[in-house]
Amino acid sequence: MNTLALRWSLDNKPHLSVLDQQLLPQVEKWIGIHDCNEMIAAIKALKVRGAPLIGVSAALSLAQSGLHGSSKEKLLQEATALMAARPTAINLMNCVNRLQKVILANVKPELLLKETLTEALAIAQEDVELCDRMAHYGAALIESGDSILTHCNSGALATAGVGTALGVIRRAHELGKKIHVYVDETRPLLQGARLTAWELDKFQIHYTLITDNMAAHVMSLGKINKIFVGCDRIAVNGDFANKIGTYGVAVCAHYHQIPFYVVGPQTTVDSKCLSGAEIPIEQRHAHEVRGASGSFGNVIWSQENTPVYNPSFDVTPAKLVTAWILDTGVLTYKNISEGALK
Ligand code: MRU
């Protein structure tokens, strides 16, 4: 299986590699992942990132461990460690939980190996299909002439398929709709500037990069008429977590009466989470805010001891969302309040 950011083959021995997303766009370097510890390190460092992709990658990493002969006990320990790599995107837990069930259900080693691999590959393939379905439903909401704002990276780099929000935008472009995309750079790790801009360029979709603090101004000028963002966890009341800055975009969209759509697959819905207040928010290192790192090296522009607050995600309340684009269709606030996500 080959995706934009993940390669898996089983020619002689299992081979799993990921595109190092921390080095993009200047350097396109694939790194081999040989065991679950390497996958955990890659996920923590955001070399592998995006809610669906970290779930798929963790599942394949466990399958690889099984093929290397890991015992049932070791696989279960690795599953627990993988789930702890990042706390906010529920896809990681949902995908690893599926493998945990397979591991627990199979006692014979050869069956355990086969079933674990089958389940991991099914998860990857399903993600491709979920993305296609979201792209189908979402692209129908886009018209020629639309000028769309997006935040973070929710494209093929963040999933095994075309993406979530960016997949919708890409599908509209492939359908021949003439669109323009404004890309928030997405501080602190710049997924918009580094990754979304790279994808839009690759797929020849017209775009303009702006810094995050320009978004409200660009909206006030009437330059944006639709907003599409991805998500890392959706609560059953429709609140959702996405990359830090999404909430601010939603507030500005509400003020300017711009339709604000969130796009996510069923693997991002947390049926146990009643509202956004229950979503754990990942806190990341201070150095990400004090400066920037990439293929260009490390730059620090603050004093080295500058106190920092660095939540990686924020929660957008359901009231600010125009519609939720899922793989099952488009839901309104009324659908959600009547229990569509329960
Ligand atoms: O910290 P990241 O880069 O993994 O955060 C990713 C996002 O917030 C995306 O917008 C999100 O995963 C939703 S779409 C795949």
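**Figure 1. The lining of the second largest pocket draws at least three residues from each of domain 1 (6-132) and domain 2 (137-337).** The domain bounds come from an automatic or database domain assignment. The model is predicted: local features need pLDDT of at least 70 and side-chain atom pairs count only at pLDDT 80 or more, whereas totals for chains, interfaces and linings use all residues. Residues are numbered from 1 along each chain as its sequence is written, and side-chain values use heavy atoms, with hydrogens and water left out. A pocket is an open set of points on a 1 Å grid over the protein atoms alone, where a 1.4 Å probe fits, with protein on both sides within 12 Å along at least five of seven lines; lining residues have an atom within 4 Å of a point.

**Figure 2. Helix α4 (90-105) gives the most to the lining of the second largest pocket, with 4 residues.** Strand β11 (269-270) also supplies at least two. Helices (H or I, at least four residues) and strands (E, at least two) are DSSP runs, numbered from the N terminus. Among the lining residues are Met-93, Gln-266 and Lys-342. The volume of this second largest pocket is about 210 Å³, a volume being the space filled by probe spheres set on the points, which are joined across faces, edges and corners.

**Figure 3. The largest pocket holds about 300 Å³ of space.** Its lining has 17 residues, of which Gln-22, Ala-45, His-287, Glu-288 and Ser-293 are the closest to the centre. Strand β12 gives the most to this lining, with 4 residues, and α10 (287-290) supplies at least two.
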